[in-house]
Amino acid sequence: MSAVFIPIVLGTARHERQSEKVASFLFGELKRFSDVESEIIDVKDFLSRETIPAWVPNSNVAYWRESAGRADGFIFVVPEYNHGYPGEFKILLDNLINANFRIDITLYKEALKEAEEIAHKRKLK
């Protein structure tokens, strides 16, 4: 049986984001399992100067689409932003226009000194 592919997606491009620490920790944990393949996919690698509709060919997101297409699951590391998720994360997900899967998102809130999880379960597609 081949390894499952579960990429870890950083969902914000903010300067001094804490999600990199969380993603690095999770990546290290996943590397302990021989039957799991993973990589960190960073939303900031796919940002454009303008919003390009998902149905328009866009070579900037080709790698994201290919990775998402072969993924068996995802780990999204996304900060809470105004009771939701950052716009760049939504744009990244929008680029999976032909995908049909349910995404459950757990957001973390950086501003709190104590650990606080805000669970948002929404069907985005």
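View 1. Helices (H or I, at least four residues) and strands (E, at least two) are DSSP runs, numbered from the N terminus. This is a predicted model, in which local features need pLDDT of at least 70 and side-chain atom pairs count only at pLDDT 80 or more, while totals for chains, interfaces and linings use all residues. Residues are numbered from 1 along each chain as its sequence is written, and side-chain values use heavy atoms, with hydrogens and water left out. Of the 125 residues, 36% are buried (under 20% relative accessible area, with exposed meaning over 50% and partly exposed in between; 1.4 Å probe, protein chains only). Among contacts (heavy atoms within 4.5 Å) with a separation of 6 or more, 67% join residues 24 or more positions apart.

**View 2. Strand β5 pairs with β2 in the parallel sense.** Here is β5, residues 75-79, with four of its five residues buried. Three bridges link β5 to β2, which spans residues 8-10; two strands count as paired if DSSP finds at least two bridges between them. Look for I8, which stands opposite I75 in β5.

**View 3. Helix α2 has W64, S67 and A68 as its buried residues.** These three cover an arc of only 95 degrees around the axis, so they are on the same side of α2. The arc is that of the directions from the helix axis to the C-beta atoms. Their cover includes β1 (4-5), β2, β4 (40-42), β5 and α3 (87-94).

**View 4. The largest nonpolar core has 14 residues.** A nonpolar core is a set of buried Ala, Val, Leu, Ile, Met, Phe, Trp, Tyr and Cys residues joined through side-chain atoms within 4.5 Å. The members touching the most others are V9, F46, W64, F76, F89 and L92. Two or more residues come from each of α2, β5 and α3, and α3 gives the largest share, three residues. Apart from this core lies another, of six residues, including L10, A23, V36 and V77.

**View 5. E16 has a positive phi without being a glycine.** Most residues other than glycine have a negative phi. The phi of E16 is about 60 degrees. You will find E16 in the loop between β2 and α1 (19-30), where this residue is exposed, with a relative accessible area of 63%.
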